[in-house]
Amino acid sequence: MAAPGMRVVVVGATGNVGTSVVQALGADERIDSVLGLARRFPQWSPAKTEWASVDIADDSTDLAGHFAGAAAVIHLAWQFQPTHHPATTWRTNVRGSTRVFDAAAAAGVPALIHASFVGAYSPGPKDRAVDETWPTDGWPEATLCREKAYVERILDAFEPQHPEIRVVRMRPGFMFKREAACEQHRMFRGPLVPKRLTRPERMPAIPAIPGMRYQALHTDDAAEAFREATVRTVHGAFNLAAEPVVDAAMLAEMFGARVFPMPGWPVRAAVSAAWRTRLLRTPPSLFDAVLHFPIMDTSRARRELDWAPRYTVQEAMQEWLAGLRDDAGMPTPPLAPSAGRAGEARTGAVARS
């Protein structure tokens, strides 16, 4: 276990995951101070936290200087948009991550905790759970999965080169909380689609698409796992998800709707057309990837981190939907409440974790 007086640096501290991680660290008496790194300063002052503005992919940024003296670096920064310009996301997600890892080594940081994702996994089964040894080659057509898998390969090379650093890879499912509802809706739906048309509680029936089973959890529960990985001397990968698995039957029960069978191709065609015309920001390749995500076994996190979700998936999703209805957010640039469709179209709504 960690000694008191720890200083922790959180890279990408103002988004969905970062805000929850910062709060979880601030509530831990073993953590003395937190440095939150983000591109833009927030109007938010959580306990024990100071801020610095950085672009992790900018070669002129002295990341090692920010990391000096830290007991751990938690790397959360990730750019999902623009999905039509993968070179832009590659700059942050791959080049930026490489710079974070190299800076942690240069600064002599003893622990590096990286936010991976279920999408880093190769296609896997839906009828049984796989552990952290499942291959991490991603779904190559989806930029998000391809880049998450590529960063896993970078860490594969990094770890034997730096055996003195304790490397942890967190692999969560989709993460929801009230304050992130507007940000996530902006990221995925597109600026011209009214929110009321994409709220699942308005759907009288839920399509049962073959393979559409995936996992999720409340962001605050994921943050607790990150906190535990920071203060414990664990290493390696940890799957994170709550119960139950999301599928058509679960959603239908949650919303009082009926279920009807439907092949995947009409939905994919609609998503593809909407993405090509900029009506949606979700690419069809991500739809394909979700159909192939494996179901993850979370027993290692429960055993070695003493971790258990406080929220069911239904509770996390209901909270998220309430946040969407209420235009909820936080006083950080990524989580600021929506400014209307015109504002979203103007800004492009580029968000990072």
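A charge counts as sitting over a ring if NZ of Lys or CZ of Arg is within 6 Å of the ring centre and within 35 degrees of the ring normal. With that in hand, let us walk through this predicted model. The charged end of Arg-300 sits over the ring of Phe-238, 4.1 Å from its centre. Another such case is Lys-148, which lies over the face of Trp-78 at 3.7 Å from the ring centre.

Seven strands make up an open sheet with parallel pairing, in the order 3-2-1-4-5-7-11. Its edges are strand 3 (49–53) and strand 11 (236–240), each pairing on one side only. On average, neighbouring strands are turned by 20° against each other, direction ignored. Strand 5 and strand 7 (residues 166–172) are joined by five bridges, and Ile-113 has Val-168 as its bridge partner in strand 7.

Next come the helices. Helix 4 (residues 143–161) lies across strand 5 and strand 7, at about 160° to strand 7. Helix 1 lies across strands 1, 2, 3 and 4, running at about 175° to strand 1. Ten of the eleven residues of helix 1 (residues 16–26) are buried, so this helix is largely enclosed by the rest of the structure. Among them are Val-17, Val-21 and Leu-25.

Finally, the aromatic rings. The structure holds eight aromatic pairs. Phe-117 is in the loop between strands 5 and 6 and Phe-293 in the loop between helix 9 and strand 13, so their pair ties together parts 176 residues apart in sequence.

Terms used:
Residues are numbered from 1 along each chain as its sequence is written. This is a predicted model: local features need pLDDT of at least 70, side-chain atom pairs count only at pLDDT 80 or more; totals for chains, interfaces and linings use all residues. Side-chain values use heavy atoms; hydrogens and water are left out. Rings of Phe, Tyr and Trp (its six-membered ring) pair if their centres lie within 6.5 Å; planes under 30 degrees apart count as stacked, over 60 as edge-to-face and the rest as tilted. Helices (H or I, at least four residues) and strands (E, at least two) are DSSP runs, numbered from the N terminus. Buried means under 20% relative accessible area, exposed over 50%, partly exposed in between (1.4 Å probe, protein chains only). Two strands pair if DSSP finds at least two bridges between them. Axes are lines fitted to C-alpha atoms, for helices over the stretch in contact, and angles run from 0 to 180 degrees between N-to-C directions. Contact means heavy atoms within 4.5 Å.
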